[in-house]
Amino acid sequence: MTTKINQITVSEINVEVVRKKIKNLHIGVYPPDGRVRVAAPTKMGMEAIRVAVIGKLGWIKKHQLKFANQERQSPREYVTGETHYFQGRRYRLNLQPHDGRPRIMACHGTIELHVPTDSSIEYREALLYAWYRKQLKEQVPELLAKWEQIIGVQAAAWGVKRMKTRWGTCNPTARRVWLNLELIKKPIHCLEYIIVHELVHLLERLHNDRFTTLMDQYMPSWRQYREELNRQPLGHEGWGE
Ligand SMILES: [Zn+2]
């Protein structure tokens, strides 16, 4: 079974339309940045969908504003007791005063940050993200090699960077894959799903029916992983693929 996904624009808002075997249309606004997704009955016409979305514009905008505010209102300070995520699990940050080389390690639900007592927020953030980056870069090669073999494609290069609105990107011409650093906060199967998604772009650059069919073939549970990626309340990460 394939799911057809369309993008429409209503009043300058991008709306993802998914067809499902349901009776009533359902509109959702999702964190962190207020993505709008409509689940519509299979037979419902595009015009009817558009009208339904227009009818809910006020509600949609209210929720988008709420997410935008949430994101601004919760700056991280990288202090003891703060919750941070690593590989899909919650960790409590614990600062240890330490002179000399900073150190960082994760064990038993705690991320230990050994830093000078006068370290700044920016310093601690940079330290944690450097560590995240190292952890992610250690995970990727094995998963990439595994899926390159299964799908029968090869990326020419890959890299990790912080992105605001995407979990990953692929340039099929250059065969280059970028992965969002925020993926290190997610369960490993979510990282794996994004890797598969980007590799499938080497076979099909568009998000069309062929793309969906290939995803279903290689990773039948991909929709579940996508929901998981976009559901977890993690604050600052982007969404999408
Ligand atoms: Zn994509």
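How many residues does helix H3 have, and how far does H3 reach from its first C-alpha to its last? Helix H3 (residues 121–151) has 31 residues and spans 43 Å between those two atoms, close to the 45 Å expected at 1.5 Å a residue (the expected span being 1.5 Å times one less than the number of residues). Keep in mind that this is a predicted model, where local features need pLDDT of at least 70, side-chain atom pairs count only at pLDDT 80 or more, and totals for chains, interfaces and linings use all residues. Residues are numbered from 1 along each chain as its sequence is written. Helices (H or I, at least four residues) and strands (E, at least two) are DSSP runs, numbered from the N terminus.

**Helix H3**
- H3 bends by about 30° at Val-140, with a proline, Pro-141, following within four residues (the bend is the angle between axes fitted to the seven residues ending there and the seven starting there).
- Arg-124, Tyr-132, Leu-144 and Trp-147 of H3 are buried, meaning 20 or more other C-beta atoms lie within 10 Å of a residue's own, with C-beta atoms placed from the backbone.
- The cover over H3's buried residues includes strand S8 (110–115), strand S9 (157–161) and helix H4 (188–200).

**The S9-S11-S10 sheet**
- Three strands make an open, mixed sheet in the order S9-S11-S10 (strands pair if DSSP finds at least two bridges between them).
- S9 and strand S10 (168–171) sit at the edges with a single partner strand each, so one side of each has no neighbour in the sheet.
- S10 and strand S11 (residues 176–180) run antiparallel, joined by four bridges, and Thr-169 has Trp-178 in S11 as its bridge partner.
- H3 packs on this sheet, touching S9 and S11, and its direction makes about 150° with that of S9 (axes are lines fitted to C-alpha atoms, for helices over the stretch in contact, and angles run from 0 to 180 degrees between N-to-C directions; contact means C-beta atoms, placed from the backbone, within 7 Å).
- H4 packs on the sheet too, touching S10 and S11, at about 20° to the direction of S10.

**Strands S5, S6 and S8**
- Strand S5 (residues 83–86) pairs antiparallel with strand S6 (residues 89–97) over four bridges.
- In their hairpin, with two residues between the strands, Gln-87 takes a positive phi near 50°.
- S6 runs parallel to S8, with six bridges joining them.

Terms used. Buried ≥ 20, exposed ≤ 12 C-beta atoms within 10 Å, placed from the backbone. Contact = placed C-beta atoms within 7 Å.
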